[in-house]
Amino acid sequence: MRRKLAAGNWKMNGLAADLAEAQALAADHGAPGCDILICPPATLLSRMADTLGHAPIALGGQDCHAGAAGAHTGDVSAAMLADAGASHVILGHSERRADHAETDAAVRAKAAAAQAAGLVAVICLGETEADRDAGRTLEVIDRQLAGSLPGGATGANTVIAYEPVWAIGSGRTPTPDQIAEVHAFLRARLTDLMAAEGAAVRLLYGGSVKPGNAAEIFALPEVDGALVGGASLKAADFGAIITALEQA
Ligand code: PGA
């Protein structure tokens with residue numbers, strides 16, 4: 001049985017004043033019926049960990065370096081994230097793949113580093129609009145999955161987030177059939193790559209998930225939760241998405 005997961009990606013948003021949103025979320029979801037994860041900017045991790053105390057909300061980074069330590073100005077290691085209170089790290093988000101030219105091999109190396117530091121890697125993949133229009137969605141997803149998944153990946157240390165690039169921050173979402181098609185494909189490929197462990201990996205959908213469309217998305221087969229950007233910044237919106245997931 002895979003436990004559902006509602007993950008919030010704050011991206012490059014959040015100052016100390018925004019810790020109140022996490023606090024409000026914790027107050028409203030003291031005994032949640034799903035796992036909750038917030039990935040704030042690295043600057044807020046340790047303060048958010050202090051603010052949340054023992055609340056059942058996990059924290060994650062949004063990226064890490066593949067190395068353990070060293071001369072990499074501006075980078076953060078997986079062990080540093082763990083030290084700051086993180087249990088998870090988002091890797092291979094399309095904004096990192098685009099803004100920082102991260103390849104599948106780079107994402108795989110980072111995921112291996114996350115594993116070594118005891119973090120759960122939330123590995124993101126998804127097609128561009130041009131890929132979809134060209135009928136190459138499953139081919140792209142397949143290549144990203146096979147290239148980004150590290151050796152030693154298990155259902156306990158790996159989560160996969162399907163995020164069509166064109167749906168992120170755009171207010172557009174795939175049709176239910178399109179989401180279901182990709183998730184079914186991912187489940188089958190995970191089983192090919194990881195045998196029985198493939199059935200234990202949680203598959204999140206991400207891209208313009210909102211309170212208004214969450215229930216429809218969560219009702220789809222093989223959707224184990226969501227990776228939420230914009231709508232995770234406000235406790236009221238993220239809370240409504242969490243409630244929809246609990247009820248799915
Ligand atoms: P969005 O972002 O919910 O704002 O579309 C999702 C993501 O990029 O993880």
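1. A word on the model before you read on. This is a predicted model, in which local features need pLDDT of at least 70, side-chain atom pairs count only at pLDDT 80 or more, and totals for chains, interfaces and linings use all residues. Residues are numbered from 1 along each chain as its sequence is written, and side-chain values use heavy atoms, with hydrogens and water left out.

2. The ligand is surrounded by 13 residues, and Lys11, His93, Glu163, Gly169 and Ser208 are the closest (a residue counts if one of its heavy atoms lies within 4 Å). This shell holds seven polar, four nonpolar and two charged residues. Here Ala, Val, Leu, Ile, Met, Phe, Trp, Tyr, Cys and Pro count as nonpolar, Asp, Glu, Lys and Arg as charged, and the others, Gly among them, as polar.

3. Glutamate 163 places a polar side-chain atom 2.6 Å from an oxygen atom of the ligand, and a polar backbone atom of glycine 229 is 2.8 Å from a ligand oxygen atom. Of the 280 Å² of accessible area that the ligand has on its own, the protein covers 96% (Shrake-Rupley method, 1.4 Å probe).

4. Lysine 11, one of the residues closest to the ligand, has a positive phi of about 50° although it is not a glycine. Do check it, because most residues other than glycine have a negative phi. Lysine 11 sits in the loop between strand S1 (5-9) and H1; helices (H or I, at least four residues) and strands (E, at least two) are DSSP runs, numbered from the N terminus.

5. Alanine 195 also has a positive phi, near 55°. Its place is the loop between helix H8 (176-194) and strand S7 (202-206).

6. Helix H1 (residues 19-28) and helix H2 (residues 45-52) have axes that come within 10 Å and cross at roughly 35°. Axes are lines fitted to C-alpha atoms over the stretch in contact, with angles from 0 to 180 degrees between N-to-C directions. Leu19, Ala22, Gln23 and Ala26 of H1 make the contact with Arg47, Met48, Thr51 and Leu52 of H2 (heavy atoms within 4.5 Å).

7. For helix H7 (residues 137-148) and H8, the axes come within 11 Å and cross at roughly 35°. Their contact comprises nine nonpolar, three charged and one polar residues.

How values were computed
A polar contact is a pair of N or O atoms within 3.5 Å; within protein, one must be able to donate a hydrogen and the other to accept it, and residues adjacent in sequence count only if both atoms are side-chain atoms.
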